[in-house]
Amino acid sequence: MYAMPPTESYKLGHGATTAFTPRIRSLYAHVPFCHTICGYCDFYSEVFDKQAIGPLVDSLLAELACYETAHAFSVDTIFVGGGTPTTLPPELLQKLLTKLASLADRNLPLEFTSEANPATVTPEVAAALVNSGVNRVSIGAQSFDAGELQVLERIHRPPQVAETIRIARAAGIDNVSIDLIFAVPGQSLASWMRNLDAALALNTDHLSCYGLTFEPGTPLHRQLSEGRVRKVDEDLEAEMYEATIERLAREGYRQYEVSNFARPGRECRHNLRYWNNDGYLGIGPSACGFLADRGLRYRNVPDTAAYVRAIRAGKSPQIESEALSREAQMRDAAWLGLRQNRGIDRATFRERYAQDFVDAFPAAVEELRLDGLLEVDDATIRLTRRGLLLGNHVAARFL
Ligand code: SF4
């Protein structure tokens, strides 16, 4: 559990102290506003509130400034997510992003991603992104079927995805990713494949395809409990997933993570940091961070007003902070690393944690191998195709 009191960890994390100055290579900033809240959404987001935007941006910059006093930065990946960052007015968006970009290491190629939702990227917003150094956008398309978008309670219409991509490209952002959701209630294999066709027609370099989950507390979960929607049959969901892998492979997209597919060289470097259990700094309401050098994981309060109040009072916005033991870090490295198709490199794991992966998890490895979910050789440990389908079950064995 998270034992360290938040204020204490704030002093540790933010004080202009100590000879301990880990280099921050990846930054995440959370912008928690959306025009409406989608029925399945489990992220921390609030309905867009004009009055709250200025204080939020000022607080994000103040939180970052605290970290600047205590850490060295050599940033080469930045990801701004939410929420919907592109709901911010262009001038405030640019103010925030420009500050984030100023921490980039000019000697390294920067990947700077902003999430964007269809119909929130005007030419002015796109110009603000480009002027701040953003060179990649991740667009929440989710579906190209108007009925499915309605089930998901998304507010955009299918043609707005292409229009958003057109605006981003015209502004100079050519690295575009699309998020899609499969196993939407009522969806057939044929309608999912039509979604994939529509996405492929947009010729983006990266696709993320997630099976819909019904998270407790969401409106969609409530509808499920009340019998107003029905889950897609498990076998059909597996069929959709396998068909996705095969179709995207034929189109030149390499699956590099359970849910992520990219043209060669267009893998999301920022997300790879997470899956490699590398460190990153997270700022904003609900943001998590991991200061890998000292194994410290933290999470900020998931409430914009409380976050702004804490920052204004000079207090920590963290509500959880824990220095992870070596064992806990190995467990994280296991379940995160196995999400990647290339699997876990045993030599790298040994070098980092002073123990071989198989020696660290002998029972789990043997059980999952016998069940046909893991492939083990001298160099690598990776999921089999069946293991990919049962990724959550595999992850649970290491948690
Ligand atoms: S746009 Fe994304 S973050 Fe916002 S409510 Fe919908 S799913 Fe959640």
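Colleague: Which residue just after α9 takes a positive phi?

Modeller: Gly 252, with a phi of about 90°. Keep in mind that this is a predicted model.

Colleague: What makes α9 a helix of the expected span?

Modeller: Helix α9 covers residues 234-250, which is 17 residues. At 1.5 Å a residue, 24 Å is expected. From first C-alpha to last, α9 reaches 25 Å, close to that value.

Colleague: Which residues of α9 are called buried?

Modeller: Met 240, Tyr 241 and Thr 244. Each is called buried because 20 or more other C-beta atoms lie within 10 Å of its own.

Colleague: How do you know that the buried residues of α9 line one face?

Modeller: Look down the axis of α9: the buried residues fall within an arc of 95°, so they line one face. An α-helix has 3.6 residues a turn, so residues three or four places apart point the same way. The face turned away from the buried side carries exposed Asp 235, Glu 246, Ala 249 and Arg 250.

Colleague: Why does the chain agree with a compact globule?

Modeller: With 399 residues, such a globule would have a radius of gyration near 21 Å; the chain has 21 Å, so the two agree. Buried residues make up 41% of the chain.

Colleague: How do the residues of the shell around the ligand divide?

Modeller: Five are nonpolar, six polar and none charged. The residues around the ligand include Cys 34, Phe 43 and Asn 117.

Methods:
Residues numbered from 1 in each chain as written. Predicted model: local features only at pLDDT ≥ 70, side-chain atom pairs only at ≥ 80, totals over all residues. Near = placed C-beta within 6 Å. Nonpolar A, V, L, I, M, F, W, Y, C, P; charged D, E, K, R; others polar. Rg over C-alpha atoms; globule rule 2.2 N^0.38 Å. Buried ≥ 20, exposed ≤ 12 C-beta atoms within 10 Å, placed from the backbone. Helix = DSSP H or I, 4+ residues; strand = E, 2+ residues; numbered from the N terminus. Expected span 1.5 Å × (residues − 1). Arc of directions from axis to C-beta.
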